[in-house]
Amino acid sequence: MAEIAINLNRIKSQIPDRVELVAVSKTKPIALLQEAYDAGQRIFGENRVPELVEKSEALPKDIEWHMIGHLQRNKVKMIAPFVSLIHAVDSLRLLAEIDKEAKKNERVIKVLLQFHIAQEQTKFGLDLKEARDLLNSEQFQQMQNIKIAGVMGMATFTDNEDQVRNEFRTLKRIFETLKSEFFLDKDSFKEISMGMSGDYKIAIEEGSTMVRIGSSIFGKSG
Ligand SMILES: *Cc1c(COP(=O)(O)O)cnc(C)c1O
């Protein structure tokens with residue numbers, strides 16, 4: 001059996017059925033995605049819009065495409081017709097743009113709110129207060145073409161398992177808090193997207209519902 005199929009089978013045997021596997025295929029050539037597809041994989045994650053569009057046009061139409069990287073507002077329109085889930089939404093302005101483009105395409109686009117849980121400095125990700133302000137805002141409450149499906153986060157890149165575990169716990173707690181304050185009657189608010197090649201086992205132990213795995217499936221090089 002080819003290496004990608006072997007990797008996929010190994011990973012799937014390690015994750016419970018309730019956890020979705022997003023195959024992170026950024027920088028990988030289309031032939032390798034096709035190999036994963038032929039092995040049964042149907043959810044792929046990309047972090048750059050032009051690459052996501054190009055691959056979606058070249059590959060079978062029953063693939064669910066997830067945008068997992070930082071998304072610029074001026075690129076939303078390119079993916080709005082087909083994207084299944086946008087993982088890294090961290091501002092009201094971006095959310096408004098997604099809502100606008102979703103409306104043009106007569107669809108509802110599912111998104112996750114990205115939280116900043118790592119110790120590393122990065123510009124990306126909300127904290128709990130910012131998320132509450134966003135969800136309480138009049139502008140958000142008017143939006144009809146987006147659905148907030150849950151939360152997403154990335155742990156610090158470190159060998160310190162306790163730290164990684166704590167950061168995932170923080171994201172799980174944020175999810176529970178928002179669920180109780182804003183989404184109690186909404187079954188659609190259910191996803192916790194956390195866990196990558198190096199830390200998905202810990203993430204699953206801490207409540208992940210969606211792992212984003214690249215190098216353990218496709219190998220490390222481009
Ligand atoms: C690249 C990437 C991943 C996958 O990382 P691997 O370590 O290759 O599994 C997951 N999430 C995001 C946001 C990424 O950019």
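The model is predicted: local features need pLDDT of at least 70, side-chain atom pairs count only at pLDDT 80 or more, and totals for chains, interfaces and linings use all residues. Residues are numbered from 1 along each chain as its sequence is written, and side-chain values use heavy atoms, with hydrogens and water left out.

Next entry, aromatic pairs. I searched the whole structure and found 4 aromatic pairs (ring centres of Phe, Tyr and Trp, its six-membered ring, within 6.5 Å; planes under 30 degrees apart are stacked, over 60 edge-to-face, the rest tilted). Phenylalanine 44 and tryptophan 65 make a tilted pair, 5.7 Å centre to centre with 35 degrees between the planes. I noted that this pair links distant parts of the chain, 21 residues apart: phenylalanine 44 is in strand β2 (residues 43–46) and tryptophan 65 in strand β3 (residues 64–67) (strands are DSSP runs of E, at least two residues; helices are runs of H or I, at least four; both numbered from the N terminus). Tryptophan 65 is buried too, at a relative accessible area of 3%.

Phenylalanine 182 and phenylalanine 183 form a tilted pair, at 6.4 Å centre to centre and 55 degrees between the planes. I listed one aromatic cluster, formed by Phe175, Phe182, Phe183 and Phe189.

Last entry, helix α6 (residues 128–136). I found Ala131, Leu134 and Leu135 buried there. Down the axis of α6, the buried residues fall within an arc of 90 degrees, so they line one face of the helix (arc of the directions from the helix axis to the C-beta atoms).

Definitions and conventions. Buried < 20%, exposed > 50% of the residue type's maximum accessible area, 1.4 Å probe, protein only.
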